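Please take a first look at the sequence and the structure below.

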Amino acid sequence: MGMTPRVTWFGEKTRKKIVAEAMEILEKIGVFVENEEAIELLTGAGARVAGGRVMIPSPVVEKALETTPSRILVYDRRGEVAMDLGEDRIHFNPGSAALRIFDPDINDARIPVTADVIKYARLTDALPNYAAQSTGLIPGDVPEEIADRYRVFLGLQNSIKPIVTGTFKVEAFRVMHEMLAAVSGNADTLMDKPIAIFDCCPSPPLMWSELTCQALIDCARTGLPAELVSMPLTGATSPVTLAGAVTQHCAENLSGITIHQLARAGSPIIYGGSPACFDMRKGTTPMGAVETMMIDGAYAEIGKHLGVPTHAYMGLSDSKRVDYQAGMETAMGSILAAVSGVNNISGPGMLDFESCQSLEKLVLDHEICGMALRLMEGIELRDDPIAMPLIEQGLAKKEFLSLPHTPKWFRKEAYFPDPVIDRGTLEEWRSRGKKDAPERARERVEKLLSKHEPELLDDAVVAHMTGLMEAEAKRYGLEKLPV
Amino acid sequence: MKEHLKECMQAIIDGDTERSEKLAKLTLEKGMPVLEVINKGFVAGIREVGRLWEEGELFLPELVIGADAMKMAMGILRPALEGGEGGPDRLGHVVIGTIEGDIHDIGKTLVATMLAANGFEVTDLGADVPVAKFVETAEEKGADWIAISALLTTTMPGQKKVIEQLEAKSLGNIRVMVGGAPCSAEWASEIGADGYAGDAVAAVALAKGKTG
């Protein structure tokens, strides 16, 4: 193995200081918790309630950290390991829960429908650099109340990859869990070999809503990995300094880990988030700001320091369409996430502050991911001596192409991007119609969707899931599912 | 007097709460015409803050501290107006909150701050506000506007429910503005709201344009 390139954000002393202060915050300021069961779990362990907040003593947090697994395996539908979260191993998956999809036909964002969600899942299935799929689009052709479950229903049928998702309503978890268990065989197999990750989002600063707490507890009890998505916004919902945001983020994550481990010690949980360097002009939350990425990379380092697998929303853009800004911000974030060793990187395909997905961008971002994955393999010393005999042979032949050493290694040394990335000549570009990357991506989307057939689920499993989903739809006045 | 007005205006632009407090008190001590000081001094200041923000000269923290300085001055001067020379132009009462199911609150707070700074009476219900609470409070306060923020697609339907309840109670005269990440002008017209505001300054413009 070559040396993996790494970026370091803090020294050991600063890392310890941040964690110590985060623990002090939990002990002295505490967290606001809406959920009765979570409050009971915390107070049962020694936390005290004062002024509507739960103050968590450091030993309670430390004990939770001791039982938190440092490695999480997530499986695909076939039972094979798709994600091995821990240490510096990186994985990409598309950004989750977009309200809109960018439609190149109308050159605008619009509300997605069932057909879009299916295409999106199939496309993710076809692109190997994505380790997981996500419930990336919120379909607008079913009642809002069941959209969370319906996305999972569609995703599971159209891709074998594990699914990064989350609940919009407390009661959705049971339905989603039953669908996932049906796909895995039963609830025990699902616990042993989880095929989904659930995002749980605390509200900054230091608040746990009923919904999020319940999701944390439900995840802990069923063994489905929980992914904390803590989102301090600098100067708006957290201190304005990057270090202040990282410290608040740490306190929020530690309180989440504590609730989760108290619900069931040893259950898998991911140290993650979606912070932003709040834009003081527009009042927006730019994911493409370099400072946002710095907070992400830095908190991932704190997560590693604590020995918990990490996640970040990186590799996405605030641009409204697939353009220069979209590529620039996505590439910058993906590479920084990779060299920060973020285990689960969510973001590809996403535009407009995590609110718009694009199939074309998903195809282009896939190549950024390919390059980032290659980058993390580092530079390997394959020969000793490194070059001298090869240069002698090359000089003798007047070229290196035909040396046996070349075909032996070239596929391992370089990542070959899909032709959406233009590495041809000017002549070739002209003769192919002077297309830019989004235009090439559009063609690629069509081609992949027409030729890729995802592995189908068992008819009996589909029937079971459909029964569940139809019952949910009827409860909210929808007689027939759009599929 | 001219100098005093200029200082009042500048205190708001600088977001200097201490100074605006002093200047407001001085206005009363010296028996200066309160209404004129408000309109030509402090209100002129907050208008300038809004203008500079729209031009990209000022940033949100400066907008908020300007509004805080404004609130301080108005808190001191408003009581002096009662029963006297008549209040500053009544702009209206806005009941504002983030809808049920949503506990995010930052955007809504910015809007509330700017509305108050611009002379609106504001009742801020906070976050996670039930539909009925918006309607009851607006009815009770005789509000001109209800401003509803929603940050999630799953909570957006609550905005529509507020409008439906207003109609059911024949309170259609109370106007409704919506805002928040998933909202848009199209959404506003789809649910029959009176307007959509993308940010705090737009909310002020909207409320001013359609009140009275």
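## Chain B overall

The model is predicted. Chain B holds nine helices and five strands. Starting at the N terminus, its elements follow the order α-α-α-α-β-α-β-α-β-α-β-α-β-α.

How does the radius of gyration of chain B agree with that of a compact globule? For 212 residues, a compact globule would have a radius near 17 Å. Chain B has 18 Å, so the two agree. Along the principal axes, the C-alpha atoms of chain B fill a box of roughly 55 × 40 × 25 Å.

Of the 212 residues in chain B, 50% are buried. Among contacts in chain B with a separation of 6 or more, 74% link residues 24 or more positions apart.

## Strand β1 of chain B

Strand β1(B) covers residues 93–98. Is it mostly covered or mostly open? It is mostly covered, with five of its six residues buried. A residue counts as buried here if 20 or more other C-beta atoms lie within 10 Å of its own.

Two strands pair with β1(B). One is β2(B), residues 121–124, joined to β1(B) by four bridges. The other is β3(B), residues 145–149, joined by five bridges. The β1(B) and β2(B) strands run parallel, and so do β1(B) and β3(B). B:Ile96 has B:Asp124 of β2(B) as its bridge partner. B:Val94 stands opposite B:Trp145 in β3(B). In general, strands of a sheet pair through backbone hydrogen bonds, either parallel or antiparallel.

## Where chain B meets chain A

How many residues does each chain give to the contact? Chain B gives 15 residues and chain A gives 15 residues. On the chain B side, the elements that supply two or more residues are α4 (60–81) and α5 (106–117). The largest share, three residues, comes from α5(B).

By class, this side of chain B has nine nonpolar residues, five polar and one charged.

## An open sheet in chain A

Chain A has an open sheet of three strands, in the order β6-β16-β15. Its pairing is parallel. The edge strands are β6(A), residues 91–93, and β15(A), residues 311–313. Each of them pairs on one side only. From one strand to the next, the twist averages 20°.

Strand β16(A) spans residues 344–346. Three bridges join it to β15(A), and these two strands run parallel. One pair here is A:His311 with its bridge partner A:Asn344 in β16(A).

## Two crossing helices in chain A

Helix α4(A) covers residues 114–126, and helix α16(A) covers residues 437–451. They pack at an angle of about 85°, with their axes 10 Å apart. Are they roughly parallel or roughly perpendicular? That angle makes α4(A) roughly perpendicular to α16(A), because angles of 65 to 115 degrees count as such.

Which residues make the contact? From α4(A) come A:Lys119, A:Arg122, A:Leu123 and A:Ala126. From α16(A) come A:Val445, A:Leu448 and A:Leu449. Sorted by class, the contact has five nonpolar residues, no polar ones and two charged ones.

How values were computed. Residues are numbered from 1 along each chain as its sequence is written. Chains are lettered from A and ligands numbered from 1 in the order in which they are written. This is a predicted model: local features need pLDDT of at least 70, side-chain atom pairs count only at pLDDT 80 or more; totals for chains, interfaces and linings use all residues. The radius of gyration is taken over C-alpha atoms; the globule rule is 2.2 Å times the number of residues to the power 0.38. A residue is buried if 20 or more other C-beta atoms lie within 10 Å of its own, exposed if 12 or fewer, and partly exposed in between; C-beta atoms are placed from the backbone. Two residues are in contact if their C-beta atoms, placed from the backbone, lie within 7 Å. Two strands pair if DSSP finds at least two bridges between them. Axes are lines fitted to C-alpha atoms, for helices over the stretch in contact, and angles run from 0 to 180 degrees between N-to-C directions. Ala, Val, Leu, Ile, Met, Phe, Trp, Tyr, Cys and Pro count as nonpolar, Asp, Glu, Lys and Arg as charged, and the others, Gly among them, as polar. Angles under 35 degrees count as roughly parallel, over 145 as roughly antiparallel, 65 to 115 as roughly perpendicular and the rest as oblique.
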